[in-house]
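Visitor: I would like to go through this structure term by term. Please set each value against its cut-off.

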Amino acid sequence: MSTTAQLQRTDGDPPDDRRLVEDARAGDLAARDRLVARYVDDVYAVAYRVLGDRDLAQDAAQDAMVNALGALGRFRGDASFRTWILRIALNSARSLLRRRFRRREVAIVAADDVAGAGEDPANRAVVLSEAERVRAALQRLPEKQRLSVALRIEQGLGYDEIAGLIDSTEGAVRVNYHLGIKRLREMLQ
């Protein structure tokens, strides 16, 4: 492959996280925006898995993104940026959950999480009902099992990344994941 072809291919690739973090630390607002755009969905998904409520998850995700951007100077690079920011999201969601329980608020589950508006109403009702059963069963799992299952399936994280997020060992994450899946199957039968 020619040098020109290599340059064209790498010029079209998005900058890696390390470069974006360096640029954002230097005050590049576009780099900060790209980091946010790259991880906002993952951050929200982690928060939602902990909280089980869309509005609270949005609040926790916003707090996590603001905290992460404010703490970029403290990012050491020991873990990947993704793992670091998801850890901040997890902590933000847990903090919000603790405050929520102190206030004794009750979460209201939104019915429009699944299924598109153009579907047959009968099919939509079945899909929503099943999705609610799975969501409710997932919420009944112990926290480490719930997070292991959700982060593995929904975020596609490896066991090592999940271990870093939930302060556990990789072996314990594997066990929690498999126990969580087993319990979900039992609850949904």
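Guide: We begin with a pocket. About 170 Å³ of space lies in the second largest pocket. That volume is the space filled by probe spheres set on grid points, with points joined across faces, edges and corners.

Visitor: What makes a set of points a pocket?

Guide: The search uses a 1 Å grid over the protein atoms alone. A pocket is an open set with protein on both sides within 12 Å along at least five of seven lines. A cavity is a set where a 1.4 Å probe fits but cannot get out.

Visitor: Which residues line the second largest pocket?

Guide: Lining residues have an atom within 4 Å of a point. Here they are Asp 17, Arg 18, Val 21, Glu 22, Arg 25, Phe 75, Arg 76, Gly 77, Ala 79, Ser 80 and Phe 81. Helix α2 supplies the largest share of this lining, 5 residues.

Visitor: What kind of model is this, and what was counted?

Guide: It is a predicted model, in which local features need pLDDT of at least 70 and side-chain atom pairs count only at pLDDT 80 or more, while totals for chains, interfaces and linings use all residues. Residues are numbered from 1 along each chain as its sequence is written, and side-chain values use heavy atoms, with hydrogens and water left out.

Visitor: How many helices and strands does the protein chain have?

Guide: It has 9 helices and 0 strands. Both are DSSP runs, numbered from the N terminus: helices are H or I with at least four residues, strands are E with at least two. The pattern along the sequence is α-α-α-α-α-α-α-α-α.

Visitor: Why is Ile 85 called buried?

Guide: Buried means under 20% relative accessible area, exposed over 50%, and partly exposed in between, with a 1.4 Å probe and protein chains only. Ile 85 has 2%, so it is buried. This residue lies in helix α5. Of the 189 residues of the protein chain, 39% count as buried.

Visitor: What does Ile 85 touch, beyond residues up to four places away in sequence?

Guide: Contact means heavy atoms within 4.5 Å. By that rule, Ile 85 touches Tyr 39, Val 43, Met 65 and Ala 68.

Visitor: What makes a nonpolar core?

Guide: It is a set of buried Ala, Val, Leu, Ile, Met, Phe, Trp, Tyr and Cys residues joined through side-chain atoms within 4.5 Å. The largest one has 49 residues. Val 43, Leu 51, Phe 81, Trp 84 and Ile 85 have the most contacts inside it. Elements giving two or more residues to this core include α2 (17-25), α3 (29-51) and α9 (170-188). Helix α5 gives the most, with 10 residues.

Visitor: Which residues does Phe 81 touch, apart from those up to four places away in sequence?

Guide: Asp 17, Val 21, Leu 35, Tyr 39, Leu 72 and Phe 75. Phe 81 also lines the second largest pocket.

Visitor: Why does Arg 94 count as buried?

Guide: Its relative accessibility is 17%, so Arg 94 counts as buried under the 20% limit. Arg 94 sits in helix α5 (residues 81-103).

Visitor: How do you know that the side chains of Arg 94 and Glu 143 are joined by a polar contact?

Guide: A polar contact is a pair of N or O atoms within 3.5 Å. Within protein, one must be able to donate a hydrogen and the other to accept it, and residues adjacent in sequence count only if both atoms are side-chain atoms. The contact between Arg 94 and Glu 143 is 2.9 Å. Leaving out residues up to four places away in sequence, Arg 94 touches Val 50, Glu 143, Leu 147 and Ile 166.

Visitor: Is Gln 155 buried or exposed?

Guide: Gln 155 has 11% relative accessibility, so it counts as buried. Its place is the loop between α7 and α8. Beyond neighbours within four places in sequence, Gln 155 is in contact with Asp 42, Ala 45, Val 46, Arg 82 and Ala 150.

Visitor: Why does Asp 167 count as exposed?

Guide: Its relative accessibility is 55%, over the 50% limit, so Asp 167 counts as exposed. Asp 167 is in the loop between α8 and α9. Its phi is positive, about 55 degrees, although Asp 167 is not a glycine.
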